[in-house]
Amino acid sequence: MNTVISWLNELALRPKQLFLVDAIGAVISAFFLGIVLVQLNSFIGLPIRTLYILAVIPCFFAVYSFCSYFFLKLNLRPFLRIIALANLCYCCLTLILLFVHFKELKVLGLSYFLIELMIVIIISIVELKASRKKIFKEK
């Protein structure tokens with residue numbers, strides 16, 4: 001656990017890498033939501049249309065974060081704040097949809113979304129923390 005916390009604190013000092021972590025995470029989320037969970041829908045319980053809606057959003061986040069990673073050179077702080085807040089809005093939308101479809105949701109589906117929400121919230125907190133720092137390590 002201390003290793004994970006230490007890694008996250010170190011990551012907060014390197015915003016370019018945060019964009020890369022965010023982008024890769026968004027691709028993984030989109031893949032699971034739009035492909036894997038759709039195929040396992042009978043074990044998840046969320047309507048397929050809802051899964052597709054939730055899958056499209058991380059696609060946009062991935063493009064934003066990859067572009068930020070590859071093209072931004074200076075003044076990364078506002079861009080980090082944008083993706084962190086977008087991620088938190090995504091978490092709010094996910095929670096709303098989970099409440100709307102709660103009766104249909106299966107244990108596996110609820111477990112997946114709770115884990116995803118925890119991961120996205122932790123990354124968002126690290127991004128917000130990094131967006132407030134004035135000095136970053138280079139690399």
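Q: How much space lies in the largest pocket?
A: About 360 Å³. That volume is the space filled by probe spheres set on grid points, which are joined across faces, edges and corners. By the way, this is a predicted model, where local features need pLDDT of at least 70 and side-chain atom pairs count only at pLDDT 80 or more, while totals for chains, interfaces and linings use all residues. Residues are numbered from 1 along each chain as its sequence is written, and side-chain values use heavy atoms, with hydrogens and water left out.

Q: What makes a residue part of the lining of the largest pocket, and which lie nearest its centre?
A: A pocket is an open set of points on a 1 Å grid over the protein atoms alone, where a 1.4 Å probe fits and protein lies on both sides within 12 Å along at least five of seven lines; a lining residue has an atom within 4 Å of a point. Here 18 residues line the pocket, and G25, A26, S29, I119 and V120 lie nearest its centre.

Q: Which elements give two or more residues to that lining?
A: They are α2 (15-39), α4 (48-71), α5 (77-100) and α6 (107-132). The biggest giver is α2, with eight residues.

Q: How do the lining residues divide into nonpolar, polar and charged?
A: There are 13 nonpolar, three polar and two charged. Asp, Glu, Lys and Arg count as charged, Ala, Val, Leu, Ile, Met, Phe, Trp, Tyr, Cys and Pro as nonpolar, and the others, Gly among them, as polar.

Q: What pattern does the chain follow along the sequence?
A: It reads α-α-α-α-α-α, with six helices and zero strands. Those labels come from DSSP runs numbered from the N terminus: H or I for at least four residues makes a helix, E for at least two makes a strand.

Q: Why is T50 called buried?
A: Buried means under 20% relative accessible area, exposed means over 50%, and partly exposed is in between (1.4 Å probe, protein chains only). T50 has 8% relative accessibility, so it counts as buried. T50 lies in helix α4. Leaving aside neighbours within four places in sequence, T50 is in contact (heavy atoms within 4.5 Å) with L97 and H101. H101 is 51 residues from T50 in sequence and 9.4 Å away in space, C-alpha to C-alpha.

Q: Why is C92 called partly exposed?
A: Its relative accessible area is 45%, so C92 falls in the in-between class. C92 sits in helix α5.

Q: Why does N75 count as exposed?
A: The value for N75 is 54%, so it passes the cut-off for exposed. N75 is in the loop between α4 and α5.

Q: What makes a set of residues a nonpolar core, and how many residues has the largest one?
A: The members are buried Ala, Val, Leu, Ile, Met, Phe, Trp, Tyr and Cys residues joined through side-chain atoms within 4.5 Å. The largest core has 29 residues, and L33, L37, L46, L51, L54 and F113 have the most contacts inside it. Two or more residues come from each of α2, α4, α5 and α6, and α5 gives the largest share, seven residues. Beyond its neighbours within four places in sequence, L37 touches F32, I44, L51, Y112 and F113.
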